[in-house]
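Visitor: Hi! I'm new to this one and would like a friendly tour. Could you show it to me?

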Amino acid sequence: MKCNKVQGWISLEMDDRLAPQHVPLLQQHLAECAACRMYSEELRIGQRMLHATEPKLSANFDWKLQLRLNHVMREAARDASYPWQRSAFGWRRWLARAGVSATVGLTAMLAFALLTPYRLTPGPDSGFQVAAGEQSLRLPMQTTSPPPLYDTSRRPLNAALELARQPAGLGLQRRVSGTSGFGTAYWSGANERDLLRIRQLEQDVEALRRRLAVRERQVRQLEAKLDSLTAPVVDRTQAE
Amino acid sequence: MNPSPNDYEAGQRNGSGSLRDMRDEDLIVLVQRGQRRAFDEVVARYKGRLYSFVLRMVKDPSLAEELTQETLIRVYLHADKYREIARFSTWVFTIATNLVRNRMRQQSRMPRLLVLNPAPEDDEIPLDPPDLQADPSRDLEGEELGRLINEATAKIPERYRVPFLLREVDQLSYEEIQQVTGLKLGTVRSRINRARTRFRQNIKPLLRNETLLAELERIEARAQAEED
């Protein structure tokens, strides 16, 4: 007989669940097998240890149970006295929690919209136009301070509201001008191409800004040079 | 035998002697009728067994005490739901097992937080009164062995530990364990066997420790003397 099977029988025998016909077989095996005898002995010592070390409750357990029970009974009596409070409690609490959650969420969104710096993108009325797919530019020639290239007066929230008011399917230029601090998460473009186009346009705008700054510096240098000249300027066209 | 309506009054007159002689199933009928003294007898019968089971499941004495109280409170509040289709002990340990499992599940989901200044849950409940009956020297005697046994028990996987403790600590029969856990009878049998094997492996180092074995003998002798 295999020891594995006998060890299962030992466990059953400890609980008086071993079939009567197996009892003599078990005893015979235990008489012959020292390993199974030790196994049985160790299981029984383990059982004795478990029983000997049963944890003791604290002496004030009954007192604490009494207090808790009184408390629970008082609550139950109150619920029975004012059943409408109990029935209203569930949905009122739910409503209060939903209200708090909604308020916190809205506040967070507003704070995000107001505090996030407005992402500057060219608008249709910003003084110059960027034709999609074209590199040619038509810039206003001014020697004084240039007109604001970007509309910094508009806040993201206004822009977002304006964007929300627009019907779906407007052109790319309009959408670009409406992009706000909400970033691409607010973008309702139907596909990724629009976003890529916007990023391309933003890079173009940045390049144009740099070129414009260089030109303005050159113009200022030329004006300064012109003012420093003492000789009268000859108008060649008139002289000819 | 169902208790007569006057059993409670009879119990009061006779110093609750009749309550002590009643079966659990009859006691709970009295509890269903609102007899608080019958519930006290239920508490006296089950608190130690419940605490022993719960402590070896959750390992934390204060949590074990809380869950034991919670079990007994639920027994009182939902006594009217008990039907004598199963033994009362099965019903009580089903409640305790469910509570322990829920708590262990909650603890496994919750991140471990360090509470620096925990607020009292209910300011109506005063602080624990000092435990005047506690005997520190007596606690120390079996403390080391108890700690080692608890550690060895805790190492048994939970699915084996529940039927094992219900059998070894609470002396429930295989059929009762089957009802409490919802397992098949064969599964109960095999899980108890596996748990015993694991427990034996875990206590193997203790079995070679002569001091601990001598301590075991002392504890058993003292328990026997107390019974006599």
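Predicted model: local features only at pLDDT ≥ 70, side-chain atom pairs only at ≥ 80, totals over all residues.

Visitor: What order do the elements of chain A run in from the N terminus?

Guide: They read α-α-α-α-α-α-α-α-α.

Visitor: And how many of the residues of chain A count as buried?

Guide: Chain A has 240 residues, and 28% of them count as buried. As for contacts in chain A between residues at least 6 apart in sequence, 62% join residues at least 24 apart.

Visitor: Let's talk about confidence. What does the model score for ipTM and pTM?

Guide: The ipTM is 0.75 and the pTM is 0.58. For chain B, the average pLDDT is 80, and 78% of the residues score at least 70.

Visitor: Where in chain B is confidence lowest, and where is it highest?

Guide: The lowest is helix α1 of chain B (residues 7-13), with a mean of 46. The highest is helix α8 of chain B (residues 158-168), at 93. Over residues 5-15 of chain B the pLDDT is below 50, and that stretch has 11 contacts in the model beyond near neighbours in sequence.

Visitor: What about residues 118-138 of chain B?

Guide: There the pLDDT stays under 50 as well, and the model has 18 contacts beyond four places in sequence for residues 118-138 of chain B.

Visitor: Okay, on to packing. At what angle do α4(B) and α5(B) pack?

Guide: About 145°, with the axes of α4(B) and helix α5 of chain B (residues 61-77) 8 Å apart. Their crossing is right-handed. Residues making the contact include B:Phe39, B:Val43, B:Leu50 and B:Val54 from α4(B), and B:Leu63, B:Leu67, B:Thr68 and B:Leu72 from α5(B).

Visitor: Which classes of residue are in the contact of α4(B) with α5(B)?

Guide: By class, there are 14 nonpolar, 2 polar and 3 charged residues.

Visitor: You mentioned B:Thr68. Is B:Thr68 buried or exposed?

Guide: B:Thr68 counts as buried, because its relative accessibility is 0%. B:Thr68 lies in helix α5 of chain B. Leaving aside neighbours within four places in sequence, B:Thr68 is in contact with A:Phe61, B:Lys47, B:Leu50, B:Tyr51 and B:Val54.

Visitor: How do α4 and α6 of chain B cross?

Guide: The axes of α4 (residues 36-58) and α6 (residues 88-109) of chain B come within 11 Å and cross at roughly 35°. This crossing is right-handed. Among the residues in contact are B:Tyr46, B:Leu50 and B:Phe53 of α4(B), with B:Val92, B:Phe93 and B:Ala96 of α6(B). The contact of α4(B) with α6(B) has 13 nonpolar, 2 polar and 1 charged residues.

Visitor: New topic: how many salt bridges are there over all chains?

Guide: The count comes to 23 salt bridges over all chains. In general, side chains of opposite charge can pair when their charged atoms come close.

Visitor: Which residue does B:Glu175 form a salt bridge with?

Guide: With A:Arg17, and the closest N and O atoms are 2.9 Å apart. This pair joins two chains, because B:Glu175 lies in helix α9 of chain B (residues 174-181) and A:Arg17 in the loop between α1 (3-14) and α2 (23-32) of chain A. B:Glu175 counts as partly exposed at 35% relative accessibility, and A:Arg17 counts as partly exposed at 31%.

Visitor: And what do the side chains of A:Lys64 and B:Glu65 do?

Guide: They meet in a salt bridge, 2.6 Å from N to O. A:Lys64 is in helix α4 of chain A (residues 61-81) and B:Glu65 is in helix α5 of chain B, so this pair joins two chains. A:Lys64 and B:Glu65 are both buried.

Visitor: Where do B:Arg74 and B:Glu70 lie?

Guide: Both are in helix α5 of chain B, 4 residues apart, which is about one turn of the helix. B:Arg74 is partly exposed, with a relative accessible area of 35%, and B:Glu70 counts as partly exposed at 22% relative accessibility.

Visitor: Last one: which residues are linked in a network of salt bridges?

Guide: A:Asp15, B:Arg167, B:Glu168 and B:Arg196 are linked in such a network.

Note on methods: Residues numbered from 1 in each chain as written. Chains lettered and ligands numbered in written order. Heavy atoms only, no water. Axes fitted to C-alpha atoms, helices over the stretch in contact; angles between N-to-C directions. Left-handed = near helix turned anticlockwise from the far one by under 90°. Contact = heavy atoms within 4.5 Å. Nonpolar A, V, L, I, M, F, W, Y, C, P; charged D, E, K, R; others polar. pLDDT = per-residue confidence, 0-100. Salt bridge = Lys/Arg side-chain N within 4 Å of Asp/Glu carboxyl O. Buried < 20%, exposed > 50% of the residue type's maximum accessible area, 1.4 Å probe, protein only.
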